[in-house]
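Thanks for coming. I will go through one structure, starting with a single side chain and then turning to the rings. Please have a look at it first.

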Amino acid sequence: MLSATGVPGQAGPGRSCDPHLTVDLRGSPGSVSWRLPGTGPVTDAAPCVVLADRAGCAEFAVLQDTLHHLGVPSVRVDAESVAALRLSATVTGRAGHDRTWCVLDLDGRRIAPTVVWARHFSPRAMPATADAAQTLLRAESWHAFVRQICSLAPASLPGNRPGRLEQLAGAAAAGIRVPRTVVTTAPAEAAAAMPGRRVVVKVVGEHFVEASPGLLTGALPEIAARAEVLRRPALDYPVIVQEHVEHDAELRVYHVAGAVHAYAVGKRAPDSPWREEAEVTVTPVAAPPAVADAVRRLASLWGLVYGAFDLLLSAGEVVFLEVNTDGDWRWFEAKAGGREVSTAVALAIRTLHLAALGNTGPPSPLELVDFLLLGTRTRGSRR
């Protein structure tokens with residue numbers, strides 16, 4: 001479980017997104033979790049799903065347990081503990097195959113990754129040492145290794161990771177409405193060009209910065225009065241300033257290997273899931289055809305197997321805000337009282353694993369996976 005604590009913001013020249021929130025992951029011990037068949041020594045590399053994440057995130061712990069019940073072997077590593085692994089990797093080509101496989105030896109166990117999924121696997125999460133240069137070298141080397149293992153595996157998730165500007169440009173080119181947007185170091189000038197009484201200000205990059213391992217500071221989107229933003233000073237970094245779109249509904253829509261699962265979200269402000277969780281409502285809804293079509297088209301455009309889409313419905317029109325390729329789903333499921341996304345994710349990983357083995361056997365029934373997930377109410381991190 002993640003803990004969130006409010007931190008007062010301090011206004012001043014050159015600051016736009018003041019620290020509003022800290023998330024403390026330092027009490028979440030890292031681990032390596034194996035779910036392999038058999039107990040004896042393995043001579044051949046065992047085909048295996050590889051999951052890489054943060055120790056404080058719940059999604060992969062639930063996913064790994066479900067995959068185990070479905071007969072899919074896996075290993076889960078956390079950024080906080082990965083530096084303790086003993087690793088050897090061999091890149092090999094297979095005759096008659098158009099993909100190179102990488103065989104890994106992790107702590108004496110030989111595996112051949114079939115599916116690799118890395119989420120929130122940031123080099124900033126890895127514990128620091130007294131030698132700053134050595135700390136950076138170690139962290140960046142592990143991050144680069146995991147990224148390249150994703151490329152070498154027969155299948156990887158989430159797919160491509162388009163940035164927010166790429167997302168907005170791609171959605172607009174696909175004929176999907178996006179808010180009027182300016183990227184600027186002068187938010188006042190951008191606000192002057194926006195219609196309406198309110199604007200949205202958000203960062204160009206990640207919504208959290210990690211100044212020290214395990215301690216994240218939120219730089220969450222804010223809805224601000226246009227008149228107030230007009231008085232803000234120039235910044236020494238770019239931010240996104242958007243029109244505030246009046247809307248009838250806000251949707252969080254998950255795309256999982258072509259399947260679409262939608263939730264209607266009711267909240268007072270963008271940071272409400274963190275600051276006033278009890279006031280947020282999450283309701284499972286059937287995705288309107290226009291929403292499902294937009295999500296699938298954009299997922300195809302960006303090569304996404306998985307993505308958490310944030311959309312608005314304005315007078316029946318779909319408005320694209322952004323897609324988070326590392327977006328968590330367990331918190332939304334727990335609020336809504338269901339397990340639809342967890343079910344879809346488990347079945348998608350199993351299908352990809354079997355495809356990598358050349359086996360396309362029938363998937364397990366949804367009812368079985370739903371049963372296996374009973375009681376998995378662990379909270380996610382709302383990202």
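A residue is called buried under 20% relative accessible area, exposed over 50% and partly exposed in between, using a 1.4 Å probe and protein chains only. By that rule Glu 210 is buried, because its relative accessible area is 9%.

Before going on, two notes. The model is predicted, so local features need pLDDT of at least 70 and side-chain atom pairs count only at pLDDT 80 or more, while totals for chains, interfaces and linings use all residues. Residues are numbered from 1 along each chain as its sequence is written, and side-chain values use heavy atoms, with hydrogens and water left out.

Back to Glu 210. What does its side chain make a polar contact with? The partner is the side chain of Arg 54, at 3.0 Å. A polar contact here is a pair of N or O atoms within 3.5 Å; within protein, one must be able to donate a hydrogen and the other to accept it, and residues adjacent in sequence count only if both atoms are side-chain atoms. Arg 124 is 86 residues from Glu 210 along the chain, yet their C-alpha atoms are separated by 6.4 Å.

Now the rings. Phe, Tyr and Trp rings (for Trp, the six-membered one) pair if their centres lie within 6.5 Å; planes under 30 degrees apart are stacked, over 60 edge-to-face, and the rest tilted. The whole structure has 12 aromatic pairs. One of them, Trp 302 with Phe 320, is tilted, at 5.8 Å centre to centre and 50° between the planes. Trp 302 is buried at 8% relative accessible area, and Phe 320 is buried at 0%.
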